[in-house]
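Please take me through this structure in the viewer, stop by stop. Tell me what to select next and what is there.

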Amino acid sequence: MNRQQRRLSEGALYNDMYQFTMAQLYFRAGLHELPSHFDHFFRKYPNYGEHQAGYCINAGIGWLMDWMKDFRFEDEDIACLRSELGPDGKQVFGEDFLAWLQREGNFESLTVQSMGEGRVVHPNTPITSVVGPLAMAQILETPLLNALNFQTLIATKAARVRHSVKSSLLMEFGMRRAHGLGANQGCRAALIGGCDFTSNVGLSYAMGLSPKGTHSHAMVQTYLALGKSEEEAFQAYADMYPTNCLLLVDTIDTLGSGIPNAIKVFERLRQRGYKPVGIRMDSGDLAYLAIQAARMLDEAGFPDTCITLSNDLDELTIWQIHAQIMEEAARSGVNPENLIRRLTYGVGTRLITSSGQSSLGGVYKLVAVKPQQEWVPAIKLSNSIAKVPNPGHKLAWRIYDKRERATADLIGLADEKLDEPCLILHHPTEKGLCRRIPQSNISRIEPLLKTVWDQGTIKYSPSLEEIRAQRVSDLEALDTGVLRLRNPHIYHVSLTTKLLKLKQELIAKFTGERQEQ
């Protein structure tokens, strides 16, 4: 794909076709300027099969806004749309609509509110709301979902891996297994979700980090093919990078040659006044090998060198490795707690592809329009009540109990104050099920949506460090049951009485069925 083709595919036409056909319909009907409100949210946490998530980590809005800022319909984009013909041989898009697109087709008329990147997010709570003229708000749907759904999915997986490795160094190694240029979005999300570094060089520098990596099996193979030894390969690497020597020891025989040869090289480095970083193992029974590696390195006088593990790791496999080490390490004379603290991790395929859950079911739904002075709620019905979006011009809040723990997310209409002595939180789908929380049991109520884009101006640009700090703070506010890798506790997402009543009235209006509170 040449530069011109890349610009076409990644610019204003980076979208689904129906967004443009809908925009033209609105234009011809005189509805293109109608104030509208769309909500972006997801319906279910990722389920990885053997284990499930009890929260998600929001990511992608910064990436999206950078794309929105440069969004314009260029002459070539308009020419492409002009060339689209229907079955009757006539242009699909009229010249009047194309002229409007080229003149007015930008996102400067929209206001976007969002929960910040790094924030914990839950099903059905609005993560992003888009308010503005109907046609351009419609056109934003696909690129918004593309950026936010994928990055939130990967950030969530990374946060779970971070939970498993605790405070150990965590590196993202998945670029080679990522889905094309999605590697950049995925690696960015992994850094938001909990990875300390990534091997992705360009993305690392773009995020203000140093890229990380070790040497390849190919280097050792090359030396062997030339009649030299594994030790000579290690020595060449150590001579080239004496202050950052981390050796990949499993090309031939991890315990029989790899670690013994690494120790020989480490001894020579130490004699020259350098401190070796450690070893990396990318195959085999990693828990057993880590125990034996620790024993061998300790006996050789290198108790502080790190042991990096990689090879299809995810949160559950790391948890299992830790469990095996705790059970078996002492029998080999290795302190299990010290070994676990010594481990570092390179996670790749299972993180960058979100193995077990390949997509996040995020949706973008129209919830209100404003034909005159007041917002008019809009609703989409479904055979399943769980798939009926919450209508109306809304806000969302997070309620913290006296322990400063997040106890519920509450969704309500934008004009609600939440100042009654006892809040009533209604289950979004189960009739009659509600929860009452006295104000005396609440430490604070936090508005969740903040303006991040205001008519062409980016209002939100935190550093990676600030995003990570937000993630840590939000996760610390969750009860430990919600954080469990398996069978997590269900976090409450509820509706106010006013919103529930509105939703029931709209369902009854369009179905003729009476809904009970």
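Start with strand β11, residues 343–347. This is a predicted model. Five of the five residues of β11 are buried, so the strand is largely enclosed by the rest of the structure. Buried here means under 20% relative accessible area.

Now show the side chains of β11. Leu343, Tyr345 and Val347 point one way. Thr344 and Gly346 point the other way. All of them are buried. In a regular strand the side chains alternate between the two faces of the sheet.

**The neighbours of β11**

Pick leucine 170 and look for its bridge partner in β11, which is tyrosine 345.

Methionine 171 stands opposite phenylalanine 197 in β7.

**The whole sheet**

Which order do the six strands of the open sheet follow? Reading across, the order is β7-β6-β11-β10-β9-β8, and the pairing is parallel. The edge strands are β7 (197–198) and β8 (246–248). Each edge strand pairs on one side only. Strands of a sheet pair through backbone hydrogen bonds, either parallel or antiparallel.

**Two crossing helices**

Move to helix α1, residues 3–10, and helix α4, residues 75–82. Their axes come within 10 Å and cross at roughly 75°. That angle makes α1 roughly perpendicular to α4, because angles of 65 to 115 degrees count as roughly perpendicular.

Show side chains at the crossing. From α1, the contact uses Gln4, Arg7 and Leu8. From α4, Glu76, Asp77 and Cys80 take part. By class, the contact has two nonpolar, one polar and three charged residues.

**Aromatic pairs**

Now turn to the rings. A search of the whole structure finds 14 aromatic pairs. A pair of aromatic rings is described by the distance of the centres and the angle of the planes.

Select phenylalanine 38 and tyrosine 364. Their ring centres are 4.7 Å apart and their planes are at 15°, so the pair is stacked. Phenylalanine 38 lies in strand β1 (residues 35–42) and tyrosine 364 in strand β12 (residues 362–369). The pair therefore ties together parts that are 326 residues apart in sequence. Is phenylalanine 38 buried or exposed? At 4% relative accessibility, phenylalanine 38 counts as buried. Tyrosine 364 is buried too, at 4% relative accessibility.

Then select phenylalanine 266 and phenylalanine 302. Here the ring centres are 5.8 Å apart and the planes are at 65°, so this pair is edge-to-face. Phenylalanine 266 lies in helix α12 (residues 254–271). Phenylalanine 302 lies in the loop between α13 (286–299) and β10. This pair ties together parts that are 36 residues apart in sequence. Phenylalanine 266 is buried, with 0% relative accessibility. Phenylalanine 302 is buried as well, with a relative accessible area of 4%.

**Last stop**

Select Tyr14, Phe20, Trp67, Phe71, Phe73 and Phe107 together. These residues form one aromatic cluster.

Terms used
Residues numbered from 1 in each chain as written. Predicted model: local features only at pLDDT ≥ 70, side-chain atom pairs only at ≥ 80, totals over all residues. Heavy atoms only, no water. Pairing = 2+ DSSP bridges. Helix = DSSP H or I, 4+ residues; strand = E, 2+ residues; numbered from the N terminus. Axes fitted to C-alpha atoms, helices over the stretch in contact; angles between N-to-C directions. Parallel < 35°, antiparallel > 145°, perpendicular 65-115°, else oblique. Contact = heavy atoms within 4.5 Å. Nonpolar A, V, L, I, M, F, W, Y, C, P; charged D, E, K, R; others polar. Buried < 20%, exposed > 50% of the residue type's maximum accessible area, 1.4 Å probe, protein only. Phe/Tyr/Trp six-rings, centres within 6.5 Å; stacked < 30°, edge-to-face > 60°.
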